[in-house]
Amino acid sequence: MRLILGFALAFAIGAVCRLARIPSPAPNALLGSLLVVAISVGYIAAGRALAPPIDSSAESHQTVQHSTEGANPCR
């Protein structure tokens, strides 16, 4: 739903700029591409930095190993 609202807002801003004959607020192609890459990398990096740590204990590893071999993981 937020994706659709984002596209609708972007098209609305573009239409208003076109009708008012003012330059588009978008950056040029190279700068815009670099901004998209920077935002994407920042989003991924923040997600990994804020993620809870993975439990790497031996018991946890054995449970995962048994569940992948088809054994019943419940005891």
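## Overall layout

The chain contains three helices and zero strands; here helices (H or I, at least four residues) and strands (E, at least two) are DSSP runs, numbered from the N terminus.

This is a predicted model, where local features need pLDDT of at least 70 and side-chain atom pairs count only at pLDDT 80 or more, while totals for chains, interfaces and linings use all residues. Residues are numbered from 1 along each chain as its sequence is written, and side-chain values use heavy atoms, with hydrogens and water left out.

## How confident is the prediction?

The mean pLDDT of the chain is 77, and 72% of the residues score at least 70. This score is the predictor's confidence in each residue, from 0 to 100. Among the elements of the chain, helix 2 has the highest mean pLDDT (87), whereas helix 3 (residues 58–68) has the lowest (54).

## Surface and burial

Of the 75 residues in the chain, 3% are buried. Buried means under 20% relative accessible area, exposed means over 50%, and partly exposed lies in between (1.4 Å probe, protein chains only).

The chain exposes about 7,100 Å², and carbon and sulfur atoms supply 69% of that area. Accessible areas come from the Shrake-Rupley method with a 1.4 Å probe; for residues, only the protein chains shown count as cover.

## A look at helix 1

Helix 1 covers residues 2–19, which is 18 residues. From its first C-alpha to its last it reaches 26 Å, close to the 26 Å expected at 1.5 Å a residue (the expected span is 1.5 Å times one less than the number of residues).

Leu3 sits in helix 1 and counts as exposed because its relative accessibility is 60%. Together with Phe7 and Phe11, Leu3 forms a nonpolar patch on the surface, with about 390 Å² of accessible area in total.

## After the helix: Arg21

Arg21 follows helix 1, in the loop between helix 1 and helix 2 (29–50). Its phi is near 60°, a positive value in a residue other than glycine. Arg21 counts as exposed because its relative accessibility is 77%.

Notes
Patches are made of residues with over 30% relative accessible area and no salt bridge: like charges are joined within 9 Å, nonpolar side chains (Val, Leu, Ile, Met, Phe, Trp, Tyr) within 5 Å. A salt bridge is a side-chain nitrogen of Lys or Arg within 4 Å of a carboxyl oxygen of Asp or Glu.
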